[in-house]
Amino acid sequence: MDKINIERREFLEKLIFSLLSLSCPGLLISKEKNKEKTLVYEGGYVPKAHSWGMGIKINRCIGCGRCASACKKENNVPQLPFFFRTWVERYIVFEGGEVIVDSPNGGVDGFNRNIHEKKMLRSFFVPKLCNQCANPPCVQVCPTGATFKTDDGVILVDSKYCIGCEYCIQACPYGARFLHPKTRTAEKCNFCYHRLVKGMIPACVEVCPTQTRVFGDRKGRASPLVRFMRMHKIRVLKPYLNTEPTVFYAGLDMEVK
Amino acid sequence: MEKLAEHLWPILKQITGYIYPNEIELYWGMLIVIYPYITGLVAGAFILASLVKVFNVKELQPTYRLSLLTSLAFLIVAPLPLLAHLGHPERSLEIFLTPNKSSAMAMFGFVYAWYLMAVLLLEIWFDYRKDLIMWADKEKGLRRLIKRIITLFSTDTSERAVKFDKKAVKIITIIGIPSAFLLHGYVGFIFGSIKANPWWSSVLMPIVFLFSAIVSGIALVLLIYMVVTLVRRQELVMASLDKLANYLFFTMIVAFSLEALDFIHRLYESEESITILSQLISGKLFVSLVVIQFLLGMILPLGALAAVKLFRVPAELRRHVYFVSALLVQVGIFTTRWNVVIGGQLFSKSFRGLTAYKMTLGGMEGLLASLAFLILPFVILYILVKILPPWEKNRTP
Amino acid sequence: MNRIKGIREKIPDQVKRLLIPVVLVIAAFVVMRHFLVPSDFGKYGHYRASAIDDVISLEIKYSGHMVCDDCHDDIVEVKKMSYHRDVACEACHGPAAAHTEDPDGNKLQAPRERGYCPLCHEYLPSRPTGFPQIVSESHNPRKACISCHDAHDPKTPEAPKECKACHAEIARTKALSHHIYVSCIRCHETPEEHKVRPRDYRPEKPIRRELCGECHAKNAPAAKAIPRVDMATHGERYVCWQCHYPHLPEVD
């Protein structure tokens, strides 16, 4: 009788101990128990069914800056030359290899004709934006889960949860993030997510007069993006960092970083 | 927003080459420089203290408790500059509530909490428990109550209990050393793991941080010990001082070798970023990196300490050399942090240009606030010393 | 029972006392987590589920290229066939969502000043060649663009006489070169329709070496100063422009 009791007690003690040791790391692990399978947004949009991407044809860009200007209006980006969700860079390569890059006010007011002494070899414009990486360093470093990747591949920022530590800004290799001076939270391009879910395209693509920017669903059978990826040799920015961007460039020059 | 714009417009004119437009605002300022500097002092002071317990370095006994209290004082202040820097300090608890497992910064919260509660406070508590009980008996009123509360009203001073205290201190110290390594190595990891930034991204970063931390911690305890002994009009224990200087010298050699290795490795690999980093070092960082960090903060004190070791120098002069060297080391390590944090943001991730950092006088990121954060640990240390006198003569036999 | 009691007695008194704050801290942490973590956190991933709702409920300002047709079908019809067919209405008229909500209350502006069109059409060396560009200082400086051009159906009032209207960068380069007096059509045979439908009728590039030889061959009847080559031995595999850039020949 006594022996059985001792055994039972030992068993119970061990059980409680092992349960405790199991649940202690549980304190650190988030409460992701009620993860639902397929997410449907209000309005019937199913993010899992999409995989958004943008194509940019360098040879078409005329540097008018309408994209950067429309983006600021659509997304309430401060009208100061220090904050951009998207911007346009101008590259001028001279004979002998010297390169000059500029982006006055992100290209919002267009570009001036700069007079240079040296002979120009080639020149072109490059629109830049958040690359919506499949392997995003910003999401990796966010301490709280205030920035995250949705099922359709777009990286969002939760401005009500962001603590403003600016670690994501440091981690972005593309300079795509900034701290919004009013909300004091991180900000960046999200492909105009509020438009996407309603079947519209991003504002920058909407106003691009030369179809430099094409947008579409990589999961769709036919979209401007799918055709873009079929017809061009494409490259992404800083591929060696393994961020796997979903913004693709056709005709990207070696000088673009 | 107007104030920020006013601050940023002139910087626009100081840019050389091309930087991404979002890089004009330099996001991590003075507060983030102070933060790794202070955590470094915490880890360094603790590791010095643990030399006494684990490796039985008898000469350092007079500085043991002082090191522990110094470590605690700085640890209490360590998260404050971080907190002050946040865009939303009121949301800071989220780091503990919903930590992102892949984020070095989120995990740092737990490392910090572990170090504060499981290591430092515990070790101090066990080390002081018996003394506190004895001191409380001799005092009255509020002072007595405070001491009783700190001991959690324990009164057991039996030989068995005291023996247990000693054992506990030893075990905690043994756990504490890797914890201190973790604490400051982690700060290095926060920078070293940013692959987007070639100035930070390096496997050596955590270990470079760690050794410079130990250097700064030893130098700090040396300074505090000298100043405090002077203020209390006591005799300096020269053996302790020599030992401290000895440890300072050897850790400095390790720290210097690591930094040199990191530097040579970068130069030799000569990756894409080398052009802009060379521009940075020979331009905007020349004074703070080459002159202050390298020459004044490393070579000069290293040479002085070596000279004192080599030649028979009278104690009086030795003291002076130690004091000045430790002071230079502090300045050097602080600029080390500056060169990492600020230096890493002065060049564009497009590798095509440099920007400028302009410090303000007032405001949270300003010079005055920064000085306050650097003075605050000493105020806390003063209070701690008043409550928990670390002097050997106060130790109850 | 004795066993547990035995263990309890073995634990020193100070450790038991320490357990109290330890338990308190852990309890406080658990309670805080319970009350302060947003209830929808982690529902779909490591984030606040309602963060998505916050983002997608943001106001749309650019209403898109489809809606204009509802009221302005006449203009849309014209624009559809013009060079500006790919230029969205909102690219010039600005965000139109407010206007579609309340057409009379929120009138859109049309950029009538001279500064707007040059955003796209001012000559910049960085612009792709073939894109129509002007130099506004010399291009009818006092007139508004719309006094000659209809923005919805932009045609040049008359077919451009000179190539540099669209190929300004090449024209500029050529103007600085030894080929300044060689006209474009001397080398590029160009169908007349190219001026009206540039992408459908393209100019040609020389396919014969002899074209350059007309001036540069040893025995060519041309000015003495012109550099000469032996057409038989000089880079015989290639057409000249495969190595040289005739718009800016690489000679000093």
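Predicted model: local features only at pLDDT ≥ 70, side-chain atom pairs only at ≥ 80, totals over all residues.
Chain B and chain A bury about 4400 Å² between them. In chain B, Ala213(B) is a buried residue of helix H9.

**Strand E11 of chain A**

- Strand E10 of chain A, residues 234-235, is joined to E11(A) by 2 bridges, and the two run antiparallel.
- Strand E1 of chain A, residues 52-57, pairs with E11(A) in the parallel sense, over 4 bridges.
- E11(A) spans residues 247-250, and both of its faces are covered.
- On one side of E11(A) are Val247(A) and Tyr249(A), on the other Phe248(A) and Ala250(A), and all of them are buried.

**Interface of chain B and chain A**

- The contact draws 57 residues from chain A and 44 residues from chain B.
- Of the area of about 4400 Å² buried between the two chains, 57% is on carbon and sulfur atoms.
- The rule finds 32 residue pairs in polar contact across the interface, with both residues at pLDDT 80 or more.
- Three elements of chain B give two or more residues to the side that touches chain A: helix H1 (2-14), helix H5 (94-97) and helix H6 (104-138).
- H1(B) supplies the largest share of that side, 5 residues.
- By class, the side of chain B that touches chain A has 8 charged, 12 polar and 24 nonpolar residues.
- The rule finds 1 salt bridge across the interface.
- Arg352(B) and Glu255(A) meet through their side chains in a salt bridge, at 2.9 Å from N to O.

- Helix H9 of chain B, which holds Ala213(B), covers residues 205-231.
- Ala213(B) counts as buried because its relative accessibility is 0%, and the cut-off for buried is under 20%.
- Leaving out residues up to four places away in sequence, Ala213(B) touches Gly40(B), Gly44(B), His184(B) and Arg337(B).
- Ile38(B) is 175 residues from Ala213(B) in sequence, while their C-alpha atoms are 8.9 Å apart in space.

Methods: Residues numbered from 1 in each chain as written. Chains lettered and ligands numbered in written order. Heavy atoms only, no water. Contact = heavy atoms within 4.5 Å. Buried area = accessible area lost by both parts, 1.4 Å probe. Salt bridge = Lys/Arg side-chain N within 4 Å of Asp/Glu carboxyl O. Polar contact = N/O pair within 3.5 Å; in protein donor to acceptor, adjacent residues only side chain to side chain. Nonpolar A, V, L, I, M, F, W, Y, C, P; charged D, E, K, R; others polar. Buried < 20%, exposed > 50% of the residue type's maximum accessible area, 1.4 Å probe, protein only. Pairing = 2+ DSSP bridges.
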